[in-house]
Amino acid sequence: MTKVRDIASAIEEFAPRHLQESYDNAGLQVGDPDAEVSGVLLCLDVTEEILAEALTRECNLIVSHHPLIFHGLKDLTGSNPTQRIVIEAIKKGLSIYSAHTNLDSTWDGVSHEMARRLNITEITVLEPQPGDLKAGLGVVGNITPTPKIEFLRKIKDTFNVQALRYSSQSSALVIRRVALCGGSGASLIEAAVARKADIYITGDVKYHDFTSFGHEIIIADIGHYESELCSREILFRIIHGSYPELETYFSDTEINPIKIL
């Protein structure tokens, strides 16, 4: 019978824990590593609705991209959603595991999955970790030369973006070289410029990022949720590839917490 620690080992073989950023909290968040797994529910964020869905589907392991416990818990009184989820998970014998920035930084991780969907080739890591050119945040590569507006429309369609925010100052009319980073990647804009990308795709870009760098590179903010939802597909491939007999589901109740009117 597959145990929680078996799922964790499969994920960490693909995305080693040492690749996570110093501020992060990837790994087993709640539960017994020796518990037998009846089913796995995959999601981007662990919410109370997703916990209820896992219980309804008789899944006793939730695997998320974003950690449920990120800033730590000073008490456990049920005063906020995170605490209530932890309490209910422990009561019901449900485990919660997260693969976060280690899944971002590993080769074939989140940014690579985004690049694959945009048919980017000759991929290299945008900001490699020291001593390892195949690990790090973001990627950069090439595409068949494409008119700017056509490529922006492709980005919008590919990631189901409700409203694409992009910088208007760049004089580039054709896209040949693309850099991107899933999640909050504004800190890598200068790296994208240095790698001579025509466009940089990420989430959570501030107004002053657009004004400071928009004349040097096209910046496309597709949203945090939209850029990282593909993490579920990566996790599915890892788990299903190692344990094909195990029931593994994408959450049906997952929603983007940000709506655009």
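Here is a short tour of the structure, stop by stop.

Before you click anything, note that this is a predicted model, where local features need pLDDT of at least 70, side-chain atom pairs count only at pLDDT 80 or more, and totals for chains, interfaces and linings use all residues. Residues are numbered from 1 along each chain as its sequence is written, and side-chain values use heavy atoms, with hydrogens and water left out.

**Stop 1: the sheet.** Select β1, β4, β3, β2 and β11, which in that order make an open sheet of five strands with mixed pairing. Strands here are DSSP runs of E with at least two residues, helices are runs of H or I with at least four, and both are numbered from the N terminus. Two strands pair if DSSP finds at least two bridges between them. β1 and β11 (248-250) are at the edges with a single partner strand each, so one side of each has no neighbour in the sheet. Now pick β3 and β4: they pair in the parallel sense over four bridges. I62 has I96, in β4, as its bridge partner.

**Stop 2: helix α1.** Which residues of α1 are buried? Select V4, I7, A8, A10 and I11; buried means under 20% relative accessible area, exposed over 50%, and partly exposed in between, using a 1.4 Å probe and protein chains only. Look down the axis of α1: the buried residues fall within an arc of 160°, so they line one face of the helix. That arc is taken from the directions from the helix axis to the C-beta atoms. Among the elements covering them are β1 (27-30), β3 (61-64), β4 (95-98) and α10 (231-242).

**Stop 3: the core.** The largest nonpolar core has 43 residues, and V63, I199 and I201 have the most contacts inside it. Such a core is a set of buried Ala, Val, Leu, Ile, Met, Phe, Trp, Tyr and Cys residues joined through side-chain atoms within 4.5 Å. Helix α1 (residues 4-14) gives the most to this core, with five residues. Zoom in on I199, whose contacts (heavy atoms within 4.5 Å) include F151, I175 and I217.

**Stop 4: S231.** Go to S231 in helix α10. Is S231 buried or exposed? S231 is buried, at a relative accessible area of 0%. Its side chain reaches the backbone oxygen of E228 at 2.8 Å. S231 also touches L44, H65, L103 and V110, leaving out residues up to four places away in sequence.

**Last stop: V205.** Find V205 in the loop between β9 (199-203) and α8 (207-213). V205 counts as buried, at 6% relative accessibility.

Terms used. A polar contact is a pair of N or O atoms within 3.5 Å; within protein, one must be able to donate a hydrogen and the other to accept it, and residues adjacent in sequence count only if both atoms are side-chain atoms.
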